[in-house]
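Me: I'm new to this one. Could you walk me through how to read it?

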Amino acid sequence: MIKDLALEQVVGDHHALGTSITLQIFGTQNRDLLQKSFDLIDHYEDIFTVNRDESEVMDINHAAGEHPVQVSSAVYGLVKLAVEKSRENFGFNALIGPVVKLWHIGFKGAHVPKDEEIKDRMLLTDPFKVVLNDSDQSVFLKMKGMELDLGGIAKGWIADRIRDLWRAYGVEAGIINLGGNILLVGDSPKRISGQWSIGVQDPKQPRGDNITSVMVPECSAVTSGTYERYLVVNGKKYHHLIDPRTGYPVKTDLAGVTTFTKTSVEAEIECKRLFFAGKPLKGWHDNPDRIGAIFVYNDEHIEYDNLDD
């Protein structure tokens, strides 16, 4: 018998973090928690954003090459995580902004930069030139022109905080969808198994058309792909995922990879690790927090890592 939770629910839509957000809570018709969730998302956007001139992260960027900036615990914790992962050099780099802006792929003025321009900007992307001071929660970018951008990790971290909020209010089941970054909360009330059905985008079709789907337990699902933002020059296609080790779009046979992990911030990080690796990594899911991954290649063949199709 399907749980009674599925019989009543509230759904709310919101625009923040540069994307469309949908929250769905099962087992209630009270919309108050939806509004609290949207308010929390807006708060985190206010302190993390680099798309406005003022935020705590922009305070760090404005002071690059000049002085450290003391920030709130939330910002310091996420910056520290982002910098530590950037130093692992697997493809994720929270300092890659100056190079990404040079290419500007997906936006007006996108072009292929000169090699020298890329080399110059690459000097500003060294995560070891970030000084983190735990004692006063300050961050210092050593070179003028350096920029921190938490966009590749913040949505996942925020989704995890929304789940914390829901759990504090006793939510048993729900779906947090931050523009395609999915976090499933609790067991699915629609199936006796408690498993959720997740679709994986077909890279050659409009958004919402799936190439495959899988059944998964409570987890987060995040996708990195080359198919949504790209630039074509003289018949050559340049996608928007810049390899911080080269300054150029990463060369890969992958169209996209979707990771399934227990927390959404880890899904963000591990999605990039697997995308830049271009294939399943031996021992990757030995970590119990990593449930599995799906690799969709340019020739449309699919590889399931630790998951059944």
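Reply: Helices (H or I, at least four residues) and strands (E, at least two) are DSSP runs, numbered from the N terminus. This is a predicted model, where local features need pLDDT of at least 70, side-chain atom pairs count only at pLDDT 80 or more, and totals for chains, interfaces and linings use all residues. Residues are numbered from 1 along each chain as its sequence is written, and side-chain values use heavy atoms, with hydrogens and water left out.

Me: Which strand gives the most to the lining of the largest cavity?

Reply: A cavity is a set of points on a 1 Å grid over the protein atoms alone where a 1.4 Å probe fits but cannot get out; lining residues have an atom within 4 Å of a point. Here β13 gives the most, with three residues. Both β8 (196–201) and β13 (254–261) supply at least two. Among the lining residues are Val-200, Tyr-227 and Val-296.

Me: Which strands form the open sheet, and in what order?

Reply: Two strands pair if DSSP finds at least two bridges between them. In this model the order is β3-β5-β4, with antiparallel pairing. β3 (69–70) and β4 (130–133) are at the edges with a single partner strand each, so one side of each has no neighbour in the sheet. Two bridges join β3 to β5 (residues 138–141), and Val-69 sits opposite Val-139 in β5.

Me: What does helix α3 touch in the sheet?

Reply: Contact means heavy atoms within 4.5 Å. Helix α3 (residues 73–87) packs on the sheet and touches β4 and β5.

How values were computed
On a 1 Å grid over the protein atoms alone, a cavity is a set of points where a 1.4 Å probe fits but cannot get out, and a pocket is an open set with protein on both sides within 12 Å along at least five of seven lines; lining residues have an atom within 4 Å of a point. Axes are lines fitted to C-alpha atoms, for helices over the stretch in contact, and angles run from 0 to 180 degrees between N-to-C directions.
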